[in-house]
Amino acid sequence: FQFFFFFSLQKRVKMDAVLNTLITIMSALVSEDCANKFFVEFDFLHHECLTLSISKALGYAIILGALIVKIPQIVKILKANSAKGVSLMSQVFELTVSVVSVSRSYRLGFPFSTWGESLFIAIQLFALIFLITYYNKNLMLSLPIFVVMIGGFFLMLDETYVSDDLHTTLQSVCIPLNALSRLTQLYTIFTNKSTGQLSPITSTLNFVGTLGRLFTTLKEVDDLATLVNIIVVCSLNFFIAISFMLFKSTNKDNKGNKTKGNNNKGNSNKGNNNKGKKKNTKKNK
């Protein structure tokens, strides 16, 4: 009986430790009320806490995805030694929107799970802009872009320089600017009739990420300007993603051209061989 009692007691202590750990994590990531609902009252179907937990999990998943969302695009440019088809203005507009969004969300105290991806995307956009200007032989253009973006970010963090009203206005301006960044890329695709070095993986991840962000914004952020911005971006990201079904990439075109070139060379070699044979037969005669 004593053995059974101590075994049960030890098991109960371990269970309490696990529950306390889960409550601590849940309180930090979601809320203390939801932690109590789930692990004290064991009400796992509580509607408000369940939807909030899904929103938080989705938000952090989007942030994790944002850590690598632009990497396929960067790798594709490096492999091709070319940034053809990737619009510089599109990246600059997107970077501007990210800088304003991160500074405003930080100042207003929005949960990190609702805007964290913008921070990591901005870092990768700096790398993309550098590569595009480098391969387009216009590297010095990246310097003023970086100075304006970094300087503007720190200015917007300080209420002395940028008031809350001005910050809200800038966020509203970002709605057409964000749309313009996608429209610029779509214009480049349709003008070239090719997706160039644009990465299908990055474009698809952009669409999926903004679709998920739409859900988290509806659930956690009470800000109309942010919501409209995400709806517009999500729609345009969808059109960019499906453009890969309409147009071929530059790599495929280049392969086709190389194949044609090799065939032409082969034909010319055959022609030369035939000429050589004819000359030899004449000499023999």
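1. How much space lies in the largest cavity? About 180 Å³. Please keep in mind as you read that this is a predicted model.

2. Let's look at who surrounds that space. The largest cavity is lined by 16 residues, and those closest to its centre are Lys-70, Gln-91, Glu-94, Leu-198 and Asn-206.

3. Next, the helices around the cavity. At least two lining residues come from each of α5, α8, α9 and α10. By class, the cavity lining is made up of nine polar, four nonpolar and three charged residues.

4. How many cavities of 30 Å³ or more does the structure hold? There is one.

5. Now for the open space. The largest pocket has a volume of about 640 Å³. Its lining counts 35 residues, with Glu-117, Ser-118, Ile-121, Thr-210 and Arg-213 the closest to the pocket's centre.

6. Which helices each supply at least two residues of this pocket's lining? They are α3 (47-66), α5 (88-108), α6 (116-135), α8 (164-192), α9 (200-220) and α10 (224-246). The largest share belongs to α9, which gives eight residues.

Definitions and conventions
Residues numbered from 1 in each chain as written. Predicted model: local features only at pLDDT ≥ 70, side-chain atom pairs only at ≥ 80, totals over all residues. Heavy atoms only, no water. 1 Å grid on protein atoms, 1.4 Å probe; cavity = no way out; pocket = protein on both sides within 12 Å on 5 of 7 lines; lining within 4 Å. Points joined across faces, edges and corners; volume = space filled by probe spheres on them. Helix = DSSP H or I, 4+ residues; strand = E, 2+ residues; numbered from the N terminus. Nonpolar A, V, L, I, M, F, W, Y, C, P; charged D, E, K, R; others polar.
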